[in-house]
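Hello,

Here is the structure I said I would pass on. My notes on one helix and its neighbours follow below.

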Amino acid sequence: MSDGAAAQATGVSELSAGRTAWARNLAAPIRGFLHAETGGAIALVVAAIAALLWSNSPWSDSYTSVWETRLAVELGHHGIALDLREWVNQGLMTLFFLVVGLEAKRELDLGELRERQRLAIPVMAGLGGMAAAAAVYLAINAGGEGAGGWGAAISTDTALALGALALVTRGRAIRLRVFLLTVVVIDDLVALLVIAVVYTDTIDVVALAVALGFFAALFGLRWAGPWRTPVAAAVGIGMWVALLESGIDPVISGLVVGLVTSAYPPSRDDLERSTELTRSFREQPTPELAYSARASLTSAISLNERLQYRLLPWTSKVVVPLFALANAGIHFTSALLSDAVSSPVTLGIVAAYVIGKPVGILGAAWLGTRTWWFGGGRLTVTWPALVGTAASAGIGFTVSLLVASLAFSGGLLDQAKFGVMAAAVLSPGLAWLAFKVMARLPAETRARQLGATAEQIIDLAEDVDPERDHLRGAVDAPVTLVEYGDFQCPYCAAAAPLIAKLLDHFGDELRYVWRHLPLTDVHPAAQVAAEAAEAASAQGRFWELHDLLLGDEGTLAISDIYRHASSLELDIAQFSDDLNHRRHARRVAEDVQSADASGVSGTPTFFINGRRHQGVYDVDTLTRELKTAARAGRAQAATMSAT
């Protein structure tokens, strides 16, 4: 995407892939998180299998001895001494929960949950799932020696649940993923509070007060300058140490910090300022200008997304698998297997996750949609899809093993671990079965379910006006694809043949709209090209000149514009007069204003039925998104006609 000078430095050979620079380097955040979590889930499973093989090998004694090795960090007479397993569970896992909190905050600021009323049902579903799971576990273990371990049966594993959902839906169900993400964030937050309240023997009030003080300082640093990053890191470490000393599991610090780290899209003003500073550095390569340019480029992207970009690969593919390696090792014996099959702890955990969790989520979601319950709300997903999503939430691993290690020891701990892993195998199977059944539902039923869901959030600030906007395709088409483009942008030129293929493929079901967003800071000829296109429009030849200009983006100059105008046999005198007097500058400025209002900062940016398209824009991806929009439109039309 032509967000800055770096866009021009990208080789032309990469254009054919149909990916923006943003997509190549960072991907769309929501899909990047999804893909990383899917890969992380696979790495987690591999690590868990490795732990089981290690703990049942001839070298099984080394499994215990390695993870119980003490590691101390000391400064003078003060220090922290933990075994390696505790460093993983309480140290590295803090980074994992930080990333979970960051992604949840991004959804609250920019995603599906920025309309706060949409938050109610998934929050209720998360709480309902935990309550039902705890109730099922206690029903089986009431009065027994395992009753105190109910906390090990309530929390969903974020990496495995999202990974399982991505695998059974082939990574296409973004709304389901957002719903599940909200559920597991509430899940994690409550589970960590349960650890602090139920499974912490004593709390050092002074240390807890110090931790709260560090958090207040960290919150205040949100409004600090570019120097805040190293200071915030030091304050965050201080908060972690204070929580550790207080007796509360310090991993909660990661989740809390993530939930207060705001996300925002890069503004066009910030990007233009970064371009100016980069050019200044190119002309005068001084240390001061180098620092200013770097600071400007960094601050253009929110800290939330920068942290996700840096941490997500490490947490999903290193930290979580390392946690599994340290905690999933169970030495299987005939006695353990015999005890586990009849153990109330094992059976309680399996039943809680496989039955209690999905039923609780579905029941709480149903309650949240009742009009007599605070007015009710509409689900953002269909009920059949929610069944599969709820089954995916029945995978407990990370926090479950964490709580189990606090609540149990010896044989009971091994039985609890066995139950957690059994549930982690059964729940994805149930999710797969649920989605297979959903796929076999009659088309009318699925359309009716889809039509009953909440309407998608509209990102496009200015509605398409057929009297004003430049349209290709059927005027009354059910699906609208809007592109904000720049005639000198190489990525817009690369997208042009893809758009032609889509229009040919969808026929009367698709209309395409071009809106101007000349990025004059990096493309000096873009503004005059946009005005030239409007001058051609005044003579009824907008699309003809549009196609020629995009075909000439690399060497676009005023002479090229006039050459193309002549080839179209335009009235050159009128055309030249329009350009000289800038008669169409206001029309271009209106498009730019609508882009700013819609949060668009680079080109090309696409909107499908008013919803901003994130990530790659190859033919397959856009075709899939357009088909989804078409199905949703037909379902909504069918619902309206039925009523």
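Notes on helix α22

Helix α22 passes α25 in a right-handed crossing (the near helix is turned clockwise from the far one by less than a right angle). The model is predicted, so local features need pLDDT of at least 70 and side-chain atom pairs pLDDT 80 or more, while totals for chains, interfaces and linings use all residues. Residues are numbered from 1 along each chain as its sequence is written, and side-chain values use heavy atoms, without hydrogens and water.

The axes of α22 (residues 526–538) and α25 (residues 572–580) come within 9 Å and cross at roughly 135°. Axes are lines fitted to C-alpha atoms over the stretch in contact, and angles run from 0 to 180 degrees between N-to-C directions. Helices are DSSP runs of H or I with at least four residues, and strands are runs of E with at least two, numbered from the N terminus.

With α23 (residues 542–550), α22 packs at about 150°, the axes being 7 Å apart. The two are therefore roughly antiparallel (over 145 degrees). Contact (heavy atoms within 4.5 Å) is made by Ala529, Ala532, Ala533, Glu534, Ala536 and Ser537 of α22 with Phe542, Leu545 and Leu549 of α23.

Ten of the 13 residues of α22 are buried (under 20% relative accessible area, with a 1.4 Å probe and protein chains only). These buried residues pack against β3 (470–473), β5 (510–516), α23, α24 (558–567), α25 and α26 (585–597).

Just after α22, glycine 540 has a positive phi of about 75°.

Regards

Note on methods
Angles under 35 degrees count as roughly parallel, over 145 as roughly antiparallel, 65 to 115 as roughly perpendicular and the rest as oblique. Buried means under 20% relative accessible area, exposed over 50%, partly exposed in between (1.4 Å probe, protein chains only).
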